[in-house]
Amino acid sequence: MAPHLARPSFIPAGLPPPRRSPCARARSRPHSISLSADARSPSFRRPYTSVLVVPTGVGAAVGGFAGDALPVARALAAVADCVISHPNVLNAAMLYWPMSNTLYVEGYALDRFAEGAWALQPVHQNKVRLVLDAGIEDELRLRHLQVADAARASLGLPVVEYTVTDAPLEIKTWFDPKCGKSTGSVGNSDSLLRAVDALVKHSGVNAVAVVCRFPDDDPDDSDCYREGKGVDLLAGVEAIISHLIVKEFKIPAAHAPAVLPPPLSPSLSPRSAAEEIGYTFLPCVLAGLSSAPQYVTRRHGTLDNGCIVASDIDSVIIPKDACGGDGTLAFAHTARKNKPLIITVQENETVLDDTPDKFSIEALNVQNYWEAIGVIAAHKAGINPNALRRHGIEHLKSHQRMYSGRSSGSRPYSASPIQDKVYVHQLA
């Protein structure tokens, strides 16, 4: 395995630091993601790790519907040694795709990971508990329990028990009038937290799947989304639900909405079709949580547990107009010398207007995910991606000229006609 420098250790939240002998020497272990290098020859590079982010509830052209960014994740996983992404990318309602080198990380946890406050500890298996909203009708509840049983019997997933909240959660959804993204509220969030707390204290839970009864969509809103043209009205409050749990308990969590099946539509978009083939959106959530990494918090002076930390990240892929999230800003403005390469995708438009220049982010802009993955392949190989373009490499400049040019700010790069106002990251 590739040499790996020691780094600060992390231990699961709420647990005391492990005892160790005063004579024990600090050891470091690379994270347990298999390398793609040829097994017949030794490799002296650490695993290449990429983060794929598509914010939820913002109408992303790719990833704003029913798992339509999953093909991007699959392609990226074939190039990078390790991919870290979140449920909005990896969930596809009744569909899912297992990838052994891809980590399923909830959005709030991904932000804390990017900030360096949390680390990710890969696991072989989590015991998943299911929390059902008391507001779900009996028949719809039974459908979800049958799906959980099917996942246990047909996929062997470790879903061990369920509980029902002590009061209906009273979910409400709406669009933010300022920018058009979806959001909402949980009327009885205390009931949700009590249900999870009981599982944590009495059942040793280490991952939670939540199913809340959502209000039936307005036909105009749902028809637009189903035709692949609108913003997912449910997505914003889904993120709020999982954030509540992860922030409080620091364990993997994800949400699947309980809704009545919509009427059959001949104008259904392929991008939304994954939500039309069953009674629930639960299967992908159970599959993701069953092997999601555990979230651990920093404790200085202890041994390395083989966790993945923010300094392991080599690249981050994000829609060009969605760069204002906590995680993206943390990756982009990290104080470490070798910052990750930030790749922004022009084609993946959202309702936001958070472009890199507004946050002083050095980013390499590409037109689409084809190009993004090509950049990742070059970056992983230690090749300047600009060397793959016809006029990508300019004459070498003197130190004095480069210094004077940089003193006035980031230099726009215009060698490529498809890259508009790109701030070139220093590749290494």
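Two strands count as paired here if DSSP finds at least two bridges between them, and the strands (E, at least two residues) and helices (H or I, at least four) are DSSP runs numbered from the N terminus. The model is predicted, with local features needing pLDDT of at least 70 and side-chain atom pairs counting only at pLDDT 80 or more, while totals for chains, interfaces and linings use all residues. Residues are numbered from 1 along each chain as its sequence is written, and side-chain values use heavy atoms, with hydrogens and water left out.

**View 1. Strands β2 and β3 side by side.** Let's start with a pair of strands: β2 (residues 49-52) and β3 (residues 82-85) are joined by three bridges in the parallel sense. Look for Thr 49, which stands opposite Cys 82 in β3.

**View 2. The open sheet of six strands.** Stepping back, the strand order reads β4-β3-β2-β13-β14-β15, with parallel pairing. At the edges are β4 (102-104) and β15 (364-366), each pairing on one side only. From one strand to the next, the twist averages 20 degrees.

**View 3. Helices α1 and α10 on the sheet.** Helix α1 (residues 70-77) lies across β2, β3, β4 and β13 (315-319), and runs at about 175 degrees to β2. Helix α10 (residues 369-380) also packs on the sheet, where it touches β2, β13, β14 (341-345) and β15, and its direction makes about 165 degrees with that of β14. Axes are lines fitted to C-alpha atoms, for helices over the stretch in contact, and angles run from 0 to 180 degrees between N-to-C directions; contact means heavy atoms within 4.5 Å.

View 4. Strand β10 (residues 207-213) pairs with β11 in the parallel sense over six bridges, and His 255 is the bridge partner of Val 210.

**View 5. Helix α4 meeting helix α8.** The axes of α4 (residues 138-154) and α8 (residues 282-290) come within 10 Å and cross at roughly 45 degrees. His 144, Val 147, Ala 148 and Ala 151 of α4 make the contact with Leu 282, Pro 283 and Leu 286 of α8.
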